[in-house]
Amino acid sequence: MKKVYADNAATTRISDEALLAMLPYLKDNFANPSSYHSAGREVRLAVENARQQTASVIACDKDELYFTSGGTESNNWAIKGAAYLKKNMGKHIITSKIEHHAVLNPLKSLEKDGFEISYIDVDKNGFVSVEALEKAIRPDTVLITVMFANNETGAIQPVEEIGQIAKDHGILFHTDAVSAFCHIPINVNTMNIDMLSFSGHKFNAPKGVGGLYIKRGIVLPCLIDGGNQENSKRGGTENAAGIIAMGEAAKNAAAEMQKEAERLSELREKLLLGLFDKIPGIIRNTPEKNTLPGTVNVSIPFCEGEALVLMLDLKGVYASSGSACMSGSKDPSHVLTAMGLDEKAAHGAVRFSFDRYTAEEDINIILDVFPEAVRKLRAVSRP
Ligand SMILES: *Cc1c(COP(=O)(O)O)cnc(C)c1O
C-alpha cells in the first residue's frame, strides 16, 4: 500500500538537498559559529550565507533577519516585544479571529497584563475584513497582527492593504507568514510589513528552526536574553546545521515557487473537482481565489473529521481534521466557526495539504479512498 502524506501544513519532510547541506555541520564542521578560530569562522560564513538565502525570499536585508527556534518563538517575540516596546503609547492590539494559536495565546497572556485585544471578523470565505479592521483602530492602538495565509483553509489575507492602513496610522504591523513563506511571493517593503514570522519545517527544512524579520529601525526588546548571538537580539548558540538546511530549502523553494504554485494549484483543483463529483453534500472551505496552492479544506456535514482522518489512516492516507495543534480538542475549529460554518459542518472538516513531493498519483489515491470512507461513515452516522 503506497502511503500518501497529505499533511504538509502540519509539517513537511526535509528535502534531500537541505539534508545534504546540513550533514557536514552536524559532524565535521560542528564548531560554534561564535568561536574565533577558523573552524568557527567557517560555520559563521555558512550561517550568514543561509541568512542571505532566507532574506532573499521576502526581499529584506540580511541584517533585518533573525534566526529563532521556529514560528511560535517568532510570533511570541514580535507580539510581546512590540507590545512592551510601545506600551507607553497605548495598550490596544488588533488581530483576527482566525489566527494560529501561536498568535492567539501570546495575545492572551498580554491581555492578562492589561492589554486590550480586538479580534476582527472574517467573511464566509475566510478573509479578514479590511474595513472592520480600520474601524477598530483607536488612538491607543500600537500593533496589528494578522496572518499572511490561514493554515487551515489556505485563505491569503489582504496583507498589502492592512500594511498600508497600519503605515498610514503609524501602527506596527506583524504578520505570521509561517504557512505562506516560500510558497507564495512576499515582499516586506511593498507590503509595508514591519515584522514577519516564518518556520523552516513548513517548507522542507528541519523542525525547530525559523526566523523573524524585523524592519530596520524597530528596536524590539529581547525575548530570549543570553549571549550576543543574532546581533545581541536573541541569545543561545545558533542551530547552525538547521539554519544552513533552512537556507538551502529557502533557495530551492524560491527558485521553484512559481512552477510549484501552478502545479499544486492544479492538483488542488483536480482533487476538489473529483471530491465534489463523488461526495454529495460536501462543502468547500478553501476559497476559490487568493488561496494557498497546496491546501484543500472540505467539510462533510454529519461526519466527524477525526473519524474520517482515522479511516484515511487505515488506507495509508495522512490528512488532518482542523489543525494539528488542536487535535485532541473536541471544539470545532475556531477558523471555520469564524467563517460562519455551523457545528455540524465545522466538525466534519478535513484538510489535505501538499508539498513538492506530492504527485498526481497521490491525488488519485485520495480520490479513491476518501469518498469510500465518507460512504462508510455516513452509513453508520446519518442523523
Ligand atoms: C505551524 C504554524 C505555526 C507554528 O510554527 P512552529 O515552527 O511549529 O512553532 C505558527 N503559525 C502558523 C500559521 C503555522 O502554520
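Student: How many nonpolar, polar and charged residues are in the lining of the second largest pocket?

Tutor: The lining of that pocket has two nonpolar, four polar and seven charged residues. Here Ala, Val, Leu, Ile, Met, Phe, Trp, Tyr, Cys and Pro count as nonpolar, Asp, Glu, Lys and Arg as charged, and the others, Gly among them, as polar. Before we go on: this is a predicted model, where local features need pLDDT of at least 70, side-chain atom pairs count only at pLDDT 80 or more, and totals for chains, interfaces and linings use all residues. Residues are numbered from 1 along each chain as its sequence is written, and side-chain values use heavy atoms, with hydrogens and water left out.

Student: OK. Which residues lie nearest the centre of the second largest pocket?

Tutor: E48, R51, Q229, E230 and N231, out of 13 lining residues. The elements that give two or more residues to this lining are α2 (38-56), β2 (65-68) and α7 (229-232). Helices (H or I, at least four residues) and strands (E, at least two) are DSSP runs numbered from the N terminus.

Student: What volume does the second largest pocket have, and how is a pocket defined?

Tutor: About 210 Å³. On a 1 Å grid over the protein atoms alone, a pocket is an open set of points with protein on both sides within 12 Å along at least five of seven lines, while a cavity is a set where a 1.4 Å probe fits but cannot get out; lining residues have an atom within 4 Å of a point. Grid points are joined across faces, edges and corners, and the volume is the space filled by probe spheres set on them.

Student: Switching to salt bridges: which residues are linked in a network?

Tutor: R44, E48, R51, K62, E230 and E238. E48, R51 and E230 also came up among the residues nearest the pocket centre. A salt bridge here is a side-chain nitrogen of Lys or Arg within 4 Å of a carboxyl oxygen of Asp or Glu, and the whole structure has 23 of them.

Student: What about R284, which residue does it form a salt bridge with?

Tutor: With E288, the closest N and O atoms being 3.9 Å apart. R284 counts as buried because its relative accessibility is 19%, whereas E288 is exposed at 61%. The cut-offs are under 20% relative accessible area for buried, over 50% for exposed and partly exposed in between (1.4 Å probe, protein chains only).

Student: And D16 with R13, how far is N to O?

Tutor: 2.4 Å. D16 is partly exposed at 44%, and R13 is partly exposed at 40%.

Student: Where is S15 found, and is it buried or exposed?

Tutor: S15 is in the loop between β1 (4-5) and α1 (16-26). It counts as buried because its relative accessibility is 1%. Its side chain reaches the backbone nitrogen of A18 at 3.0 Å. Leaving out residues up to four places away in sequence, S15 touches N204, R356 and Y357, with contact meaning heavy atoms within 4.5 Å.

Student: Last topic: how many cavities of 30 Å³ or more does the structure hold?

Tutor: Three. The largest cavity has about 340 Å³ of space. Its lining has 26 residues, and H183, K202, L264, F354 and D355 are the closest to its centre. Helix α8 (residues 240-278) gives the most to that lining, with six residues.

Terms used:
A polar contact is a pair of N or O atoms within 3.5 Å; within protein, one must be able to donate a hydrogen and the other to accept it, and residues adjacent in sequence count only if both atoms are side-chain atoms.
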